[in-house]
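The structure is shown first.

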There are 2 protein chains.
Amino acid sequence: MSEMKLSPSSQQSSSQGAQESRVRRPLRIALFGFGTVGSSVARILAESRPEGLELTHVYVRSVARRRVIWLPASVQWSEDADAVLASDVDVVVELAGGLEPAGSWVRKALNAGKSVVTANKKLISVHGVELERLAAAAGGHLKYGAAVAGGIPVIPGLEQGLAGDRIERIEGILNGTCNFILSRMQEGAEYATVLVAAQAKGYAEADPTEDVGGFDARAKLAILMRLALGVEVDLDEIAPLPITAISSVDFSYARDLGCTIRQIARADSANGHVAATVGPMLVDLHSPLAWSHDTENMVIFKGHYGGDVVFSGHGAGGNATAVAVVSDLLALAHGSLRVEIPSVPAHVSGEFEVPHYIRFLVADRPGIVAEITGALAKERINIRAILQKPGYPQHALPFVVTVEPCKSSALKRALEAIRTRDYLLETPLNLQMLE
Amino acid sequence: MSEMKLSPSSQQSSSQGAQESRVRRPLRIALFGFGTVGSSVARILAESRPEGLELTHVYVRSVARRRVIWLPASVQWSEDADAVLASDVDVVVELAGGLEPAGSWVRKALNAGKSVVTANKKLISVHGVELERLAAAAGGHLKYGAAVAGGIPVIPGLEQGLAGDRIERIEGILNGTCNFILSRMQEGAEYATVLVAAQAKGYAEADPTEDVGGFDARAKLAILMRLALGVEVDLDEIAPLPITAISSVDFSYARDLGCTIRQIARADSANGHVAATVGPMLVDLHSPLAWSHDTENMVIFKGHYGGDVVFSGHGAGGNATAVAVVSDLLALAHGSLRVEIPSVPAHVSGEFEVPHYIRFLVADRPGIVAEITGALAKERINIRAILQKPGYPQHALPFVVTVEPCKSSALKRALEAIRTRDYLLETPLNLQMLE
């Protein structure tokens, strides 16, 4: 009860009373959703029996199909969401995902003064600020440690361990599906083949757009931006580049440059200017980001005072995500309130001043390099390397130009200037290089 | 006020009162110690002006020498520890280190119902359980996020993000001095030379025993063992092996084995058996532990449910440690109580069943390998590799045997059996290999 003891206006007697009653009766928990994560949460609660937590209700769409024998008989199964929300549960664990009906459930629970634990990145990235205000107004709490990087305690680490720093930059591998696909492509596999393998393993959806298009990582990045950079952003201001733009030739050229390719979500904040983007990028093979393979996630925060801090582990999967959910529940049971990090609305640009990798696919003829380098020179962009590997046909020749740090906008103008040239077989691929 | 709202026995009125008064007046903070970390804490508070925190007192041994102009004039400087402890400060930040007088200050502050934030790994590793009970009894709080791995939020991550898991293993690089020395030795430098460089940079003390002997890492490991494995251990039951046992020949052989050498603190818990040790070990060059260089720290927890989680960053230095201290202060100001992880006293063994690296230094003659491998065979220990590189003199020949996973005790018996052989120029070096 620190905030009571430490606030002169609170009365000693109430502080005492609260202290004695702490974790006196277990939190009554309702689970909304019993898929991979929901059943993992139930299993951890049943196996570990953490003090102070009691699963009392499970809402599912069809009770007949989902009843499981290893849960205590006292757990009430229900197909009636409103009835569960109107019950005497203390905490609603929302694991349905998506904006609706999850959003309505969460609002109803918070309005009733209940607390909510959710893994719903979409809901939190779009409505997080509103829902936190709702929780505060009604006296409940909203926790979403599982919404970003699953079992890796990135959000608790930020709120409880890095709140004393001023974070200037976020770089993350936030989508396990993309990391699985790209780390397999690094070993020589083709995108289409790996996608099928990822789908077979349950790592990718039948329609993988949300993941490979960068939308999932973008939602997570927006949540981290609010907690780490203190900015509330509009998702639509961040334009993701899909990893489907990458082909095996890019991995081959990346290797020549001492790099590999990962889907990176990055954001930085300096002098009131906030920039963010999500997409495949070249990462140095010596960078921690290149160590991350399969479905792993990784987040690197650069603090003004503390320097780089790296978090890594299993970002997804039922059990890892369930650990984050149960940890949030334990924090509620122990009265561990969130460290509220102040945030303000901010616009986001896609403007970074970084080195870039540009891969062209051309019908070769003399003068192409001269024209491209001329267009770059006009924007005062310095070339770092030009790579043209042998073994490709002249009529469909991939080659690469890398450039010294330059503004994304300047590079876009340079590429726009040559956009209509007939030797270009496709729009040049333009990737940031992380240093 | 979750535990109030959620506890039926607490009254609505007191909950309301506390909610309104939250962070109403800033926490009044006394800093004990104004060295590297203390002055960094003061500077962050002065520069970032985090809401809810006010530095009101600084205790130093000599006020005349330490007064600094960039702190607000309202800050009271004092050479009288008892007077500061008797003042109206809410939180004492203890940065003096060591068992005394730090321990007395912390006890006095806690007994007076104040909260304490400390970076003192020695004090917490020896008296942490007692001090936490004292805090709970008097209504204050004890936080020590800075005591392990400085600016890396390992402790908040454990308490707030991994409490829902069951941690089975800890592997950590917990001492920046040793990591600096060993990562330089990996590049070819000799121990004595690197130690002098580390001392010149302020990374190592004039007497480096605490660091290179493994005592500093052992104290941090004991703290992590309590929070991650739930066991309270006696430091003396963990026997550290100093990194001074390593020479350049070991790095050379390690490289041939695809490894390098790091000071590792490790502990695991299975079926009620707790094992822990600290010392130089061989780590695979592909392991995250090998990526860590210079003074960086890294901790890997293996969770039963969530798998491996890696934390990495700057484990020491004034600013990084100060970030952890300020974050703890912010958590207090926001009423974020610790998630109390239950722990029980436990004995620790040094028994691990892992592969080992054994380096012999012998006056060469026929039959040595036969005798050594015979002694190993008698303990049913399987040999993985025997390495004898050319270029060393016969009269002082280093060679290496690596063995398949075997119990530490069995290997000790095998080495004991040949201990008195006259061809051994020194006691064989016996290192664990991490897999």
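## A:Phe32 and its surroundings

The model is a predicted one. Leaving out residues up to four places away in sequence, A:Phe32 touches A:Tyr59, A:Val92, A:Val93, A:Glu94, A:Leu95, A:Ala96 and A:Trp105. A:Phe32 belongs to strand S1 of chain A.

Is A:Phe32 buried or exposed? A residue counts as buried when 20 or more other C-beta atoms lie within 10 Å of its own. A:Phe32 has 24 C-beta neighbours inside 10 Å, so A:Phe32 is classed as buried.

## The parallel sheet of chain A

Strand S1 covers residues 27-32 of chain A and is joined to S2(A) by six bridges, with the two strands running parallel. Within this pair, A:Arg28 has A:Glu54 of S2(A) as its bridge partner. Helix H3 (residues 36-48) of chain A belongs with S1(A) and S2(A) to a β-α-β unit, which is right-handed.

Strand S2 of chain A spans residues 53-59, and six of its seven residues are buried, so the strand is largely enclosed by the rest of the structure. S2(A) also pairs with strand S3 (residues 76-78) of chain A, again in the parallel sense, over three bridges. A:Tyr59, one of the residues touched by A:Phe32, has A:Ser78 in S3(A) as its bridge partner.

Which order do the strands of this sheet follow? The sheet is open, has six strands with parallel pairing, and runs S3-S2-S1-S4-S5-S6 in chain A. S3 and strand S6 (142-143) of chain A are at the edges; each has a single partner strand, so one side of each lacks a neighbour in the sheet.

## The sheet in chain B

Chain B has an open sheet of six strands in the order S3-S2-S1-S4-S5-S6, with parallel pairing. Its edge strands are S3 (76-78) and S6 (142-143) of chain B, each of which pairs on one side only.

Strand S2 (residues 53-59) of chain B pairs with S3(B) in the parallel sense through three bridges. In that pairing, B:Tyr59 stands opposite B:Ser78 of S3(B).

## The nonpolar core

The largest nonpolar core contains 254 residues. Which residues have the most contacts inside it? They are A:Leu31 and B:Leu31.

Setting aside neighbours within four places in sequence, B:Leu31 has contacts that include B:Gly38, B:Val41 and B:Ala42. B:Leu31 is also in contact with B:Leu55, B:His57, B:Val58 and B:Tyr59, and with B:Val93 and B:Leu95.

## Antiparallel pairing around S7(A)

Strand S7 (residues 167-173) of chain A has five buried residues out of seven, so S7(A) is largely enclosed by the rest of the structure. S7(A) pairs with strand S11 (residues 296-303) of chain A over six bridges in the antiparallel sense. Here A:Ile173 stands opposite A:Met298 of S11(A).

S7(A) pairs as well with strand S9 (residues 259-270) of chain A, in the antiparallel sense and over four bridges. A:Gly172 stands opposite A:Ala265 in S9(A).

## Helix H15(A)

Helix H15 of chain A runs over residues 318-333. At 1.5 Å a residue, its 16 residues should span 22 Å, and the end C-alpha atoms are 22 Å apart, so the two values agree. How many residues of H15(A) are buried? The count is 16 of the 16, so this helix is largely enclosed by the rest of the structure. Just after H15(A), A:Gly335 takes a positive phi of about 70 degrees.

## Chain A as a whole

Chain A has 17 helices and 17 strands. Of its 435 residues, 52% are buried. Among contacts in chain A with a separation of 6 or more, 74% are between residues 24 or more positions apart.

The C-alpha atoms of chain A fill a box of roughly 85 × 55 × 35 Å along the principal axes. A compact globule with 435 residues would have a radius of gyration near 22 Å; the value for chain A is 25 Å, which agrees.

Key: Residues numbered from 1 in each chain as written. Chains lettered and ligands numbered in written order. Predicted model: local features only at pLDDT ≥ 70, side-chain atom pairs only at ≥ 80, totals over all residues. Buried ≥ 20, exposed ≤ 12 C-beta atoms within 10 Å, placed from the backbone. Pairing = 2+ DSSP bridges. Right-handed = clockwise from strand over helix to strand, strands pointing away. Rg over C-alpha atoms; globule rule 2.2 N^0.38 Å. Contact = placed C-beta atoms within 7 Å. Core = buried A, V, L, I, M, F, W, Y, C linked by C-beta atoms within 7 Å. Expected span 1.5 Å × (residues − 1).
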